[in-house]
Amino acid sequence: MGVMMDYFAATEQELAALDLDLGPAGNDWPYVDCKGWILEVEEFAAEIDGRDPSEFGRDEPLRGADDPEFLGPWTVRINAELVDTLTRLEEGQIRGYADRFLLEDWEAGRLVALAGLARSAVAQGRALYSWSSV
């Protein structure tokens, strides 16, 4: 058993209509499965874009942020700097990075899908979120 981590895009109205206990998959909502990745998205995006992960802003917790006994699942709005970085990442850049650092094909594919999700989210006026559960 590990950490389930899904990224999805939604407007405020769409987010309000989702049952966040079920996550995007349980709502039959489009998502990118990033199971097991907690900090990797920020680290990979920063390295590919030539940045330091500390340059990214803070994500906005939407559920359980003020309750230390909240056991999840957790949903956070991804910070604008990370979303902007993801929108700039091209598939060739990601695949080149994956080849240099010996990432698995599934990891490269996951990053390509996540960059595509970020681009479509911005183009459609949606925010990017992560949903996680243990």
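Me: A crossing is left-handed if the near helix is turned anticlockwise from the far one by less than a right angle, and right-handed if clockwise. Which is the crossing of α4 and α6, left-handed or right-handed?

Reply: The model is predicted: local features need pLDDT of at least 70 and side-chain atom pairs count only at 80 or more, while totals for chains, interfaces and linings use all residues. Residues are numbered from 1 along each chain as its sequence is written, and side-chain values use heavy atoms, with hydrogens and water left out. Helices (H or I, at least four residues) and strands (E, at least two) are DSSP runs numbered from the N terminus. The crossing of α4 with α6 is left-handed.

Me: How many nonpolar residues does the contact of α4 with α6 have?

Reply: Val83, Leu86 and Thr87 of α4 touch Leu114, Ala115, Ala118, Arg119 and Val122 of α6, contact meaning heavy atoms within 4.5 Å. Ala, Val, Leu, Ile, Met, Phe, Trp, Tyr, Cys and Pro count as nonpolar, Asp, Glu, Lys and Arg as charged, and the others, Gly among them, as polar. One residue of this contact is polar and one is charged, and the number of nonpolar residues is six.

Me: Which residues of α5 meet α3?

Reply: The axes of α3 (residues 40-49) and α5 (residues 91-100) come within 10 Å and cross at roughly 105 degrees. These two helices are therefore roughly perpendicular. From α3 come Phe44, Glu47 and Ile48; α5 supplies Gln93, Ile94 and Tyr97.

Me: Is Gly57 buried, partly exposed or exposed?

Reply: Gly57 lies in the loop between α3 and β3 (60-61), where Asn79 and Glu81 touch Gly57, not counting residues up to four places away in sequence. Buried means under 20% relative accessible area, exposed over 50%, partly exposed in between (1.4 Å probe, protein chains only). With a relative accessibility of 28%, Gly57 counts as partly exposed.

Me: What share of the chain is buried?

Reply: The chain holds six helices and five strands, and its C-alpha atoms fill a box of roughly 40 × 35 × 30 Å along the principal axes. Among its 134 residues, the buried share is 41%.

Key. Axes fitted to C-alpha atoms, helices over the stretch in contact; angles between N-to-C directions. Parallel < 35°, antiparallel > 145°, perpendicular 65-115°, else oblique.
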